[in-house]
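Visitor: I am new to this structure and would like to learn how to read its helices. Could you take me through a few of them?

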Amino acid sequence: MLTLPEDAQLGLAKAVATLEGPSVAARLAAIAGTPVEALKARLPTNIREQVDAAVSKALEKAWSTAVGTEPRRTPFGIDTTWFHRGVAAATGAAGGAFGLLGTVAELPISTTVLLRQIAAEAAAAGEDPRTPSTAAECMAVFALGSPANAEDDIAETGYFAARIALAQMLPNAATSLVSGLVPGFLGAIAARFTGTVGLKLSAQAVPVIGAAAGAAINLAFLEHFRSVAAAHFLVRRLERVYGADRVRAAYDALRDGNTA
C-alpha cells in the first residue's frame, strides 16, 4: 500500500514537504536581502578558515551540555519552544552586535539551544533523548537539515539516503554513544552542518546586519531545525506504528507526487 490512514498520511505529507523542501539557505538569504550565491562570497577568508573547527567545537559542546538532560524542562515552566526562541534571539543579538567574531564565539551556545529544541521534538514524538540511540538521531538532524556540499561524504541529498548513510556510520548507536560521540559520526554531521553555518555567518557578514538581524537569523535557524526535527521524528513514529517499508513507500509516493 502506498498510503497510510488519513491522519497519518496528512502528517507524512507535511513531513515530506519539510524534509524535501527548500533549505534554511532561502530564509537566511531573505533576511540578509542577498542571493545565496552572493552570500557565499561574503565570508572573509580568515573566518572561513575558522568555520570547520568552530562547527566541530560547537557540536561537541552541544552534545556534552544538552544530551542527557530533560530538554522540555525550562525556568519557571516557560513553554520549551518559546524559551529556546528567547535564548536564540538573545545570543543572535549578542553575536550580531560584535560582528562575525562575536557570531563565531556564540555558535556553541546557539548550537546547544538547537540541540535542546531537537531533543524536545524527539520527546514530543514519544522518544527518550537520554537514550544513546535517540540522542544519535537528535544529532543526525543537523545533517538531515543541512544541504550536501562537494566535500560531503554523504553523496546523495535525499532524506532517506542521508539517513541511511548516517546510520551506517554509527551501526551500534545503543552502545557506542555511552562514552561520547564517535569521531566518524561527528565528522559526517559536521560536513553538512558546516555548509549551513557558513551561510549563517555569511548572512551576518552583511555590513548593516546588526544585533536585530542577528537575532532574526538565529530564530530562522531555530525554526528550520525545529521543523526538520519534528518531521524526522514523525517519520520514525509512523515507522514504529505502520512499519518502515510501508512508511517508506508512502513517503516516496508523496515525494514523487503520486498518492494513488
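**Reading helices and their neighbours**

Guide: Let us begin with a contact in this predicted model: Ala-140, Ala-143 and Leu-144 of helix H7 meet Tyr-159, Ala-162, Arg-163 and Leu-166 of helix H8. Sorted by type, the residues of this contact of H7 with H8 comprise 6 nonpolar, no polar and 1 charged.

Visitor: At what angle do H7 and H8 pack, and how far apart are their axes?

Guide: In general, two packed helices are described by the angle between their axes and the distance between the axes. Here, H7, which covers residues 132–144, and H8, which covers residues 159–169, pack at an angle of about 135°, and their axes lie 10 Å apart. That angle is why H7 is called oblique to H8. The crossing in which H7 passes H8 is right-handed.

Visitor: How many of the residues of H7 are buried?

Guide: A residue is called buried when its relative accessible area is under 20%. In H7, 11 of the 13 residues are buried, so this helix is largely enclosed by the rest of the structure. Among the buried residues of H7 are Thr-134, Glu-137, Cys-138, Met-139 and Phe-142. As for its length, H7 reaches 18 Å from its first C-alpha to its last, close to the 18 Å expected at 1.5 Å a residue.

Visitor: Which residues of H12 are buried?

Guide: The general idea to keep in mind is that an α-helix has 3.6 residues a turn, so residues three or four places apart point the same way. In H12, the buried residues are Val-247, Ala-250, Tyr-251, Asp-252, Ala-253 and Leu-254. Helix H12 runs over residues 244–255 and reaches 16 Å from its first C-alpha to its last, close to the 16 Å expected at 1.5 Å a residue. After H12 comes Gly-257, whose phi is positive, near 80°.

Visitor: Is Thr-111 buried or exposed, and which residues is Thr-111 in contact with, leaving aside its neighbours within four places in sequence?

Guide: Thr-111, found in helix H6 (residues 99–124), is buried, with a relative accessible area of 0%. Once its neighbours within four places in sequence are left aside, Thr-111 is in contact with Ala-58, Leu-59, Ala-62, Phe-142 and Phe-193. One of these, Phe-142, is also listed among the buried residues of H7.

Visitor: Where is Asn-218 found?

Guide: Asn-218 is found in helix H11, residues 210–242, and counts as buried at 2% relative accessibility. Although Asn-218 and Leu-107 are 111 residues apart along the chain, their C-alpha atoms are separated by 9.9 Å.

Definitions and conventions. Residues numbered from 1 in each chain as written. Predicted model: local features only at pLDDT ≥ 70, side-chain atom pairs only at ≥ 80, totals over all residues. Heavy atoms only, no water. Axes fitted to C-alpha atoms, helices over the stretch in contact; angles between N-to-C directions. Helix = DSSP H or I, 4+ residues; strand = E, 2+ residues; numbered from the N terminus. Parallel < 35°, antiparallel > 145°, perpendicular 65-115°, else oblique. Left-handed = near helix turned anticlockwise from the far one by under 90°. Contact = heavy atoms within 4.5 Å. Nonpolar A, V, L, I, M, F, W, Y, C, P; charged D, E, K, R; others polar. Expected span 1.5 Å × (residues − 1). Buried < 20%, exposed > 50% of the residue type's maximum accessible area, 1.4 Å probe, protein only.
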